[in-house]
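Open the model in your viewer and show it as a cartoon.

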Amino acid sequence: MSNTLKAVAMAVMATFVMWQAAARAGEIEQRRTVILSDGVSLSAHLFHPPSAADKPFPAIIMSHGWGGTAAGLEAQATAFARAGYFVIAFDYRGWGESDARLILSGPAPDAGPMREVREVIDPIEQATDIFNVIHWAMGEPMVDKARLGLWGTSFSGGLVAYVAARDSRVRALVSQVGYFGQSNADTPPPELARAYGDATRRARGELPYPAPGAREIGNLRGAPLREKFLLYAPIEDVRLAKNCAMLFIAAEREELFDNRRHPQLAYERAAGPKKYVMIPGIAHYGIYGEARDEAIRLAVEWFDRHLKN
């Protein structure tokens, strides 16, 4: 081997050793980017280990729950990046630092100023945002396109299953304390009638979009667009993601929904590799408190098994 080739080989080896040392020390890099979803700019936070010789990383896309923002996911995102993943945590349209869809404030042509649709819960638009974050990731040189995972919590715990059922590029997902919706056939008649009524009134211009910060479901921030839930039932879709490995993490003292009809039933219906873990002694929000480290450990182990091996 020539002296030049030896020098190149030594430089490459030194870079790799430095990258390994940085990874062991827990060093990560962070940056911000903008992702377009239906023309709306989504704010995304990127976390990843220092790049090494253009070697792409397996990727994890993180989506927050009902009324949350990506800023609340920094601890989990940092842990995943330290475990060797390229992590994307983003705000849905109309939430956090993302832009919102603009609508006319009155009839055209004298509509007056435009207004933003902010802080509403529209599962179809939010699923579309996840799809577009996946599309963006496929063009990122640091992402290994064949090793893509989704992580969702609470309401987005069902959204990630909805997306995986429709995008075969998702190889693994983690759904923690996930809500999986219900089919129209399982929806109580009064709720179904209200959803159809809202759809009719909104289509006829008689029902405006809810104001930002509205609370219609308990103390959860963000009002649901009930007519959009007529099209959303991830509990029926989960079986379609046959090549996606799914981890379901549940809270033993879940108070917001019945585990048997949501994460447990989703686990039973999942067709690919799957695992169900019940964390004892915690209620729904314990997953972000006393059980956060345990949930992170479970997620890293699952992603390592199905995105690295």
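Two strands count as paired if DSSP finds at least two bridges between them. Note also that this model is predicted.

Select residues 40–48, strand β2. Colour by accessibility: 8 of the 9 residues in β2 are buried.

**Stop three: the turn.** β1 and β2 make a hairpin, with 2 residues between the strands. Select Asp38, in the loop that links β1 and β2. Its phi is positive, about 55 degrees, although Asp38 is not a glycine. Is Asp38 buried or exposed? Asp38 counts as exposed because its relative accessibility is 58%, and the cut-off for exposed is over 50%.

**Stop four: β4.** Now select residues 86–90, strand β4. β4 pairs with β2 as well, in the antiparallel sense, over 4 bridges. Which residue of β4 stands opposite His45? Zoom in on Ala89.

**Stop five: another positive phi.** Jump to Ser154, in the loop between β8 (143–153) and α4 (155–164). Ser154 is not a glycine either, yet its phi is positive, near 55 degrees. Is Ser154 buried or exposed? Ser154 has a relative accessibility of 12%, so it counts as buried; the cut-off for buried is under 20%.

**Last view.** Show Asp38 and Ser154 together: Asp38 is exposed, whereas Ser154 is buried.

Methods. Residues numbered from 1 in each chain as written. Predicted model: local features only at pLDDT ≥ 70, side-chain atom pairs only at ≥ 80, totals over all residues. Heavy atoms only, no water. Buried < 20%, exposed > 50% of the residue type's maximum accessible area, 1.4 Å probe, protein only.
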